[in-house]
Amino acid sequence: MKKNLLKNAAVQSLIASLLCIVLGLLLGFIVLLFINPSGAGEAILAVVKNFWNYSRANLQAKNFGNTLVKTAPLLMCSLSVLFAYKVGLFNIGAAGQYVVGSCACLYAALAWHWSWLPCLLMSIVVGGIYGAIVGLLKAYCNVNEVISGIMLNWIGLYTTNMLLATVKEPTSPYTLHLKTDATQAMLPTLGLGKLFSDNGNVTIAIPLAVLIAIAIMVLLDKTRLGYELKATGNNKNAAKYAGMAEKRNIILTLIIGGALAAMGGAFLYLTDFEQWSVTQSSVPGMGFNGIAAAFLGGLNPIGTIFASYFIQHITSGGAFVDLSKYSSQISDLISSLIIYLCGFVLFIKYAINMGIAKSEEKAMQKAAAADEKGGAK
Amino acid sequence: MLLLVQYTLIFASVLMLVALGGCFSEHSGVINLGLEGIMVIGALGGALMMRALPNSWAALPTILVVLLGAVVFAVAYSALLGVACINFKADQTIVGTALNMLGVAAATVLVKAINTAADPNNVSSEIQYVEAKKKFLVNIAGFEFNWFMLIAIIMLVVAYVVLYKTRFGLRLMACGEHPQAADSVGINVYKMRWAGVLISGVYGGMGGICYILAGVSLWKFENGVAGFGFLALAVMIFGQWKPTRIALAALLFGLFRALSNVYFGFPFLVALNIPGSVYNMMPYLISLVVLAFTSKKSRAPKAEGIPYDKGQR
Amino acid sequence: METPYAIEMLHITKRFPGIIANDDITLQLKRGEIHALLGENGAGKSTLMSVLFGLYQAEEGVIKKDGKEVTIHDPNDANDLGIGMVHQHFKLVECFTVLDNIILGVEPTKHGFLQKDEARKKVLALSEKYGLQVDPDAVVEDITVGMQQRTEILKMLYRDNEILIFDEPTAVLTPQEIDELMKIMKNLAAEGKSILFISHKLAEIMAVADRCTVLRKGKYVGTVETAKSSPEELSAMMVGRNVNFHVDKKPAHVGDVVLDIQHMTVASKTHKKDAVHDVSMKVRRGEIVCIAGIDGNGQSEFVYGLTGLEPLKSGTITLNGKDISKASIRQRSTSGMSHIPEDRHKYGLVLDYSLEDNLVLQRYFEQKFTDRIGFLRRDNIRKYADRLIDEYDVRSGQGPVTAARAMSGGNQQKAIIAREVDKAPELLVAVQPTRGLDVGAIEFVHRKLVEQRDAGKAVLLISLELDEVMDVPDRILVMYEGEIVGELDPKTTTQEELGLYMAGAKRDEVKA
């Protein structure tokens with residue numbers, strides 16, 4: 001019965017993902033060995049342990065909460081990537097959609113003093129529009145969504161820096177604190193913070209992100225829209241033949257993808273966990289890590305929840321590395337190694353299936369040989 | 001004005017080099033979305049050379065060794081794309097994206113480690129190359145001629161000749177257009193695609209080191225190359241995968257990129273009082289507009305992006 | 001000891017997981033002869049040729065060249081032995097010139113640089129010697145199919161190949177071009193080249209081949225001299241029984257007009273000339289109308305225009321009295337048009353979807369299958385799929401949940417036919433519905449088309465197969481270069497007459 005289990009697609013995805021993680025950590029370890037052999041093992045352990053690096057339970061809980069706070073936006077970004085990928089689109093623009101989502105909610109909160117729900121809706125709308133640009137360009141001008149996505153990432157970054165410069169602290173490049181200047185825009189905590197030794201940054205964003213992941217799964221698997229979108233992703237000619245509106249579906253997909261990633265921005269910045277630096281000169285990695293999480297999660301919304309947590313776990317864990325030997329970016333290194341390895345997932349599954357086929361064939365040959373012997377007797 | 005020309009030419013050189021790299025890879029049938037990462041690693045290789053070389057070296061050997069460092073690093077790195085996409089038939093988009101992230105992360109980790117090893121208090125990801133950089137420049141009546149401008153022109157000619165005048169070029173393009181046809185006349189498609197990818201590493205690496213030498217004399221590797229790899233892909237598409245048109249497209253894009261460096265030198269632009277961010281996003285905006293108008297009738301190699309499988313025919 | 005054989009493949013066996021593609025096959029090609037290799041789709045012809053070219057390695061058997069045993073690991077080895085092939089789907093790089101395509105792989109060079117002048121001279125000399133007219137500097141995508149084929153032949157001659165293989169070379173040609181090809185082949189044989197001619201068209205084999213080897217279901221059936229054989233004998237050898245290609249059908253009861261097309265014009269994607277020009281026709285209840293023609297004469301574009309996959313440039317389409325010229329694909333489908341597409345993998349199926357999901361591809365949005373909020377009604381889909389699978393005898397590993405990808409071609413086609421026919425269409429558009437199917441499946445498809453006609457539906461069949469064109473429909477319309485050039489009655493016309501129309505040699509004014 002073991003063989004049947006291996007044939008199961010979900011089990012294969014799980015095996016492939018675990019393999020990617022193990023190999024990614026191993027390769028990361030080897031890189032560290034080259035840089036400085038003395039502390040490589042410790043450094044990898046520090047990354048993997050993340051908040052367990054603290055010995056006191058309340059600090060552990062608090063930092064576990066912090067990791068979760070950043071998992072929520074990451075999950076949203078990876079859902080954005082996943083959703084588009086199911087329709088055959090590679091939404092690398094999630095990074096920029098996340099940026100404009102952050103911009104929209106911060107601006108609405110700080111400049112217009114809106115409360116949290118309209119701020120969140122603002123992010124969704126702006127992100128949707130931003131995604132729609134990619135969709136329109138793809139549907140009507142045949143522009144590769146990866147390249148237009150990257151361009152829009154940078155456009156989004158500079159626009160955001162420009163806009164948020166009007167609501168920043170006078171003496172620093174950071175935007176004003178919501179806690180002091182726009183408490184009405186803070187996401188409600190519903191007392192969730194108490195579970196993490198009074199971590200005030202733990203908000204409804206976390207359960208909301210998980211619920212959205214489940215909703216995405218239901219949408220894809222159980223509804224007419226999901227049936228259409230996946231058909232378009234699998235075979236766009238057949239989808240067209242069956243009368244599905246291909247262009248509309250591409251645009252709709254990227255609107256939803258944009259809204260999801262933008263919501264991620266709101267889920268982080270409306271907690272006041274971080275402030276936006278208007279002098280930053282590179283696109284935040286959240287959207288790119290979302291790609292890692294989407295593929296590591298086997299392109300399954302539920303798998304993505306765990307994968308997002310894992311990616312954020314090691315990213316946060318990077319802070320615990322002995323900085324005299326390595327930099328905290330080793331967690332970026334590991335997660336990008338993991339995405340690279342995710343490119344091999346198809347091959348891993350193929351290898352598993354070939355292995356099964358071979359062993360089955362052998363078993364059949366054995367059985368046939370046994371039959372012949374039996375016949376001879 | 002001279003400054004604008006100077007910056008235009010140097011940025012155009014970068015874009016052209018990298019776009020030509022993409023051109024080789026795509027003509028062989030592999031979409032190289034990892035050019036950004038390849039540039040970073042190439043820049044790293046070159047910067048490490050500049051850091052290591054004594055200042056007493058003459059200009060020519062310095063330039064050659066720096067170039068060699070960049071090329072060797074970038075080619076080795078592009079092999080990661082080759083293995084995954086050619087031999088293991090991985091999704092070229094995922095692998096390219098991974099290489100971009102990995103390039104920045106690996107370079108940052110490495111440079112920080114080197115800096116920290118030299119000075120325990122230095123945790124930056126910067127490499128300085130004030131002296132070495134001077135060797136790349138020749139001042140001609142106020143115009144800073146950069147040797148990379150010449151290198152870019154040479155590499156353009158090389159690309160043109162290789163693609164259109166040699167046996168190798170003919171076979172390479174056949175693999176990107178119709179790999180089954182190439183295979184049927186005994187051309188090893190895998191080998192040619194490997195060649196395409198590695199050559200894109202050569203060009204990408206040169207572009208990378210050229211980019212960090214363009215404006216400043218120190219580089220912070222955390223920043224990557226600011227989407228230049230993708231701008232180069234836009235240049236390549238605008239140039240319709242043809243070297244000469246790529247060169248012209250690179251000049252146009254180079255001009256817009258240069259504006260963001262020197263707009264404050266033009267009184268009338270300053271008078272417009274446009275925030276710097278607008279100039280910064282100019283090249284990206286322009287490329288988006290250009291792509292919108294040129295992508296419809298693209299002459300992309302027909303088989304690009306499709307892993308070649310000998311068994312399927 | 002001199003043997004008369006240029007190449008011999010003796011007792012070749014090649015297995016794939018699950019099937020034996022070649023089972024003890026022997027093929028001996030004499031020098032200077034034209035030798036036909038005959039067999040149905042899936043008989044093992046392609047596998048055998050792939051073995052000869054070193055694309056596959058045979059598990060058993062030997063290959064001999066001029067009596068000496070040789071091993072062939074890849075196409076280079078085959079080329080070194082002087083074996084060349086014109087593939088059914090040309091292996092030409094479309095954006096290269098004719099000359100570049102000919103020299104690709106054997107380019108004359110000096111220090112790595114191409115020496116094209118030298119090559120051009122050789123090509124021109126060859127083209128003159130064998131009467132193969134080409135323009136070496138034309139780009140392949142701009143030239144005719146016939147010239148593309150001549151380019152392929154020149155590719156072999158340029159390499160001084162002695163053994164020339166033609167894989168179904170006539171499928172894409174007009175009868176005139178076919179005649180010319182036959183002449184060229186005879187020329188080549190007279191010059192001492194040995195030719196292997198792969199085909200399933202009996203008439204052509206009888207006309208040109210000296211001998212014929214027949215394969216059936218991966219097994220060797222026999223080799224005969226064509227002069228001493230007959231089409232009937234070859235046909236029986238090919239299919240294993242004397243098949244009656246004739247389709248039994250009752251006289252047609254023709255009713256009202258269902259489809260009325262007036263002055264339809266569809267632009268071409270690749271050329272400046274319109275792919276379909278000013279086509280008018282009618283299809284009535286209770287009749288099967290067939291559009292015949294050589295591949296590439298605008299049939300595909302005609303279907304795209306009719307079904308809505310491509311917009312019309314001008315003209316009107318009326319379905320049951322309703323103007324659908326500008327209607328979307330979905331509107332046409334719900335107005336009563338069903339479409340069995342030409343390419344079932346490209347259009348007909350979502351291969352990664354299950355069989356049941358594919359069976360509702362045209363109706364998933366109906367209330368029966370989607371509730372008011374937009375959720376799929378999985379239970380109804382399953383029930384529906386079970387019924388179709390049962391009624392149309394669609395066979396698959398795991399029933400409704402089998403991935404379409406895992407099904408055989410014949411069963412995939414059955415699934416598409418089940419889906420399109422069960423929609424109860426007013427008009428059934430069937431485009432090459434029997435392509436790549438075995439004899440049993442072909443009979444099934446033809447029976448279903450006739451059933452639809454007898455049920456009072458209008459059927460429009462688009463076919464490239466002459467047998468099908470002659471047997472299935474009640475009326476034949478011939479399409480040539482995007483225009484309808486003749487209307488024929490299958491009961492009174494002959495294949496020869498049909499051929500003249502298909503080649504554009506004869507045309508009438510056809511009014512719809």
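Student: Which side chain does Asn411(C) join in a polar contact?

Tutor: A polar contact is a pair of N or O atoms within 3.5 Å; within protein, one must be able to donate a hydrogen and the other to accept it, and residues adjacent in sequence count only if both atoms are side-chain atoms. Here the side chain of Asn411(C) pairs with that of Ser408(C) at 3.1 Å. Keep in mind that this is a predicted model, where local features need pLDDT of at least 70 and side-chain atom pairs count only at pLDDT 80 or more, while totals for chains, interfaces and linings use all residues. Residues are numbered from 1 along each chain as its sequence is written, chains are lettered from A and ligands numbered from 1 in the order in which they are written, and side-chain values use heavy atoms, with hydrogens and water left out.

Student: Is Asn411(C) buried or exposed?

Tutor: Buried means under 20% relative accessible area, exposed over 50%, and partly exposed in between (1.4 Å probe, protein chains only). Asn411(C) has 13%, so it is buried. This residue lies in helix H14 (residues 409–422) of chain C; helices (H or I, at least four residues) and strands (E, at least two) are DSSP runs, numbered from the N terminus. Leaving out residues up to four places away in sequence, Asn411(C) touches Asp393(C), Val394(C) and Arg395(C), where contact means heavy atoms within 4.5 Å.

Student: How many residues does the largest nonpolar core have?

Tutor: In soluble globular proteins, nonpolar side chains tend to be buried together. A nonpolar core is a set of buried Ala, Val, Leu, Ile, Met, Phe, Trp, Tyr and Cys residues joined through side-chain atoms within 4.5 Å. The largest one in this model has 284 residues, and those with the most contacts inside it are Phe267(A), Tyr211(B), Phe221(B) and Phe166(C). Helix H1 (residues 2–28) of chain B gives the most to this core, 14 residues. Another core of 58 residues lies apart from it, with Ala239(A), Ala242(A), Val450(C) and Leu461(C) among its members.

Student: How much area do chain A and chain B bury between them?

Tutor: The size of an interface is often given as the accessible area lost when the parts come together. Buried area is that loss for two parts (1.4 Å probe), summed over both. For chain A and chain B the value is about 3900 Å², with 78% of it on carbon and sulfur atoms. On the chain A side, Met151(A), Tyr158(A) and Tyr340(A) lose the most area to chain B, together 17% of what that side buries.
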